[in-house]
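Thanks for coming, everyone; I would like to walk you through one model today, taking the contact between the chains before each chain on its own. Please have the viewer open while I talk.

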Amino acid sequence: MGRYSRIQSVTFGQAALPLAISVKLSRQAQPLPAAGDGDAFATSLQLGLPVIVVEVRLRDTAAAEGLSLGQQANLSFTVAAADSASASRTVTVSGAVLMAVELAYEQATLATATLRFVAEAPDGITDPFSAEESQ
Amino acid sequence: MASTTGDILQDMVAALRTAGGFALVTLGPAGTSTAVPRAAVLYEGTEEFPSDDRPAARWLRIRAAVSVHTRSDDPAEGCARASELCQAASEALMADPYRNGKCSDLPVGRATELGHWQLDESLKRPEVEISFAVRCHLEMAEES
């Protein structure tokens, strides 16, 4: 059916990232507009190199505290299908580099950690992003 | 789940007994008892929420009310006495908000939360009763 509703697990290399609240993954390329003299709007558009950014929010701040900036590993998460007939889906971002850790401790609510990763393709060709049905 | 709810309600009864000021503490209405001062823990229901950080868990909110009943011919004195008892009951309940390890602070609410005190104005002198809501929150693993 293609609907997914529950994050079952998130791992970064060997490290589990428990109590995940959300995972946001963006694959984005900057537009490079071009136009001739006197044109008011772009007449051609090219895209810059795509950048894959993943943001993971979780409540297990202790797990986040154990990570180091610059650490690189495969980031993988599995989301369960919204119905019993469909399979879970596992998304993997290989070569993810941890670039930011934000820890928020609040008085009236539970503490949260936000981790941001950027993917790196060592050979410059292989797409770090892959997704498949879980076994 | 039923036994967990029962355990939490029993823990509240035990906590109220430690407050020391009550001649009688009951789980459910006190029935025909005329002992005063007395307190009763009244179960009102359970609400269920999906966990937003563990896929195989549910969050429960157990709603109860604690009523504190006393008696005095002087309305002002009766109200003051009931207020003192309510304060003692509140402090006893919040001495261990985690209800002996069964409850926890969750995004849907603190382990134990107390509501406002409400005077039962329908009672006739010398009876005085003040009640307040109690909400307990806990996480339950999904039953397979």
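Let me begin with the contact between the chains, which takes 6 residues from chain B and 10 residues from chain A, where two residues are in contact if their C-beta atoms, placed from the backbone, lie within 7 Å. On the side of chain B that touches chain A, the residues divide into 2 nonpolar, no polar and 4 charged, with Ala, Val, Leu, Ile, Met, Phe, Trp, Tyr, Cys and Pro counted as nonpolar, Asp, Glu, Lys and Arg as charged, and the others, Gly among them, as polar.

A word on conventions: this is a predicted model, in which local features need pLDDT of at least 70 and side-chain atom pairs count only at pLDDT 80 or more, while totals for chains, interfaces and linings use all residues. Residues are numbered from 1 along each chain as its sequence is written, and chains are lettered from A and ligands numbered from 1 in the order in which they are written.

Turning to chain B, we find 2 helices and 5 strands, where helices (H or I, at least four residues) and strands (E, at least two) are DSSP runs numbered from the N terminus. Their order from the N terminus on is α-β-β-β-α-β-β, and the C-alpha atoms fill a box of roughly 55 × 25 × 25 Å along the principal axes.

The strands of chain B form an open sheet of 5 strands in the order E1-E2-E3-E5-E4, with mixed pairing; two strands pair if DSSP finds at least two bridges between them. Its edge strands, each pairing on one side only, are E1 (24–27) and E4 (112–119) of chain B, and the twist averages 20° from one strand to the next. E3(B) and E5(B) run antiparallel and are joined by 15 bridges, one of which pairs B:His69 with B:Glu129. Helix H2(B) packs on this sheet, touching E2, E3, E4 and E5 of chain B, and its direction makes about 150° with that of E3(B), using lines fitted to C-alpha atoms, for helices over the stretch in contact, with angles from 0 to 180 degrees between N-to-C directions.

Which residues touch the most other members of the largest nonpolar core? Of its 29 residues, they are B:Met12, B:Leu16, B:Ala39, B:Val68 and B:Ala89. Such a core is a set of buried Ala, Val, Leu, Ile, Met, Phe, Trp, Tyr and Cys residues joined through C-beta atoms within 7 Å, and a residue is buried if 20 or more other C-beta atoms lie within 10 Å of its own, exposed if 12 or fewer, and partly exposed in between.

There are two cis peptide bonds to check in chain B: B:Val36 to B:Pro37, with omega near -10°, and B:Arg125 to B:Pro126, with omega near 15°.

Chain A, by comparison, comes to 1 helix and 10 strands. Its radius of gyration is 18 Å, well over the 14 Å that the globule rule gives for 135 residues, so chain A is more spread out than a compact globule; the radius is taken over C-alpha atoms, and the rule is 2.2 Å times the number of residues to the power 0.38.

Finally, A:Leu19 has a positive phi, near 55°, and is buried, with 22 other C-beta atoms within 10 Å.
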